[in-house]
Amino acid sequence: MPAARASRRDEYCRSSGLERKHVIKVLRGQRRRGATGAAKGARSTYGSEDITVLKSVWLVAGQPCGKRMAGEMLRIWLASWQKHHGTLSGEQIGRLAAISPAQIDRVLAPYRNAGRRRRIASSALAAMQREVAVR
């Protein structure tokens, strides 16, 4: 019987393209069948328009961290942004005014890291560091 079970398992592996150990766990009920591929967690409250407005306000404000930007500072900058770029809906202002400092940092993280480059030490500096004895 174990040989028949193993041959069915091997056939399932070939047909599904899954690894053998994963198939064993699926058949035992320890894993779900098939790849879900769906994003986990709650849906985002903020749309692309909200993120665009938040990013432009953040850039004009001098790229402050989320703790400094949230609250009254964000409301002041949103009022200034509306004078120069057009009005926002009341719903959108409410969403942006209620955003938490941590959420601001999460939303703006891809843009914050995009401008930073890693500094590469020159070869002359590296040669000098090899020559100098450091305890």
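User: In what order do the elements of the protein chain run from the N terminus on?

Analyst: In this predicted model, the order is α-α-α-α-α-α-α-α. The secondary structure comes to 8 helices and 0 strands.

User: Why is aspartate 50 called buried?

Analyst: Buried means under 20% relative accessible area. Aspartate 50 has a relative accessible area of 1%, so aspartate 50 is buried. Its place is in helix H3, residues 48–60.

User: Which residues is aspartate 50 in contact with, leaving aside its neighbours within four places in sequence?

Analyst: Aspartate 50 is in contact with Thr45, Gln92, Arg95 and Leu96. Contact here means heavy atoms within 4.5 Å.

User: Why does valine 134 count as exposed?

Analyst: The word exposed is used for a relative accessible area over 50%. Valine 134 has 71% relative accessibility, and therefore counts as exposed. Valine 134 is found in the segment after helix H8 (123–131). Together with Met128 and Val132, Val134 makes a nonpolar surface patch of about 320 Å².

User: Is cysteine 13 buried or exposed, and what makes it so?

Analyst: The cut-off for buried is under 20%. Cysteine 13 has a relative accessible area of 14%, so cysteine 13 is buried.

User: What makes cysteine 65 partly exposed?

Analyst: Partly exposed is the range between the two cut-offs, under 20% for buried and over 50% for exposed. Cysteine 65 has a relative accessible area of 35%, so cysteine 65 is partly exposed.

User: How many disulfides does the structure hold?

Analyst: The structure holds 0 disulfides. To count as a disulfide, a pair of cysteine sulfur atoms must be within 2.5 Å.

User: What makes a set of residues a nonpolar core, and which residues have the most contacts inside the largest one?

Analyst: The residues of a core are buried, of nonpolar kinds such as Val, Leu, Ile and Met, and joined through side-chain atoms within 4.5 Å. The largest core has 16 residues, and those with the most contacts inside it are Val53, Leu54, Val57, Met69, Leu74, Leu78 and Ile104. Two or more residues each come from H3, helix H5 (72–85) and helix H7 (101–114). H3 gives the largest share, 4 residues.

User: Which residues does leucine 54 touch, not counting residues up to four places away in sequence?

Analyst: Leucine 54 touches Met69, Leu74, Leu96, Ile99, Ile104, Val107 and Leu108.

User: How much of the protein chain is made up of buried residues?

Analyst: Of the 135 residues in the protein chain, 21% are buried. The accessible surface comes to about 10800 Å², and 52% of that surface belongs to carbon and sulfur atoms.

Notes:
Residues are numbered from 1 along each chain as its sequence is written. This is a predicted model: local features need pLDDT of at least 70, side-chain atom pairs count only at pLDDT 80 or more; totals for chains, interfaces and linings use all residues. Side-chain values use heavy atoms; hydrogens and water are left out. Patches are made of residues with over 30% relative accessible area and no salt bridge: like charges are joined within 9 Å, nonpolar side chains (Val, Leu, Ile, Met, Phe, Trp, Tyr) within 5 Å. Accessible areas come from the Shrake-Rupley method with a 1.4 Å probe; for residues, only the protein chains shown count as cover. A salt bridge is a side-chain nitrogen of Lys or Arg within 4 Å of a carboxyl oxygen of Asp or Glu. Buried means under 20% relative accessible area, exposed over 50%, partly exposed in between (1.4 Å probe, protein chains only).
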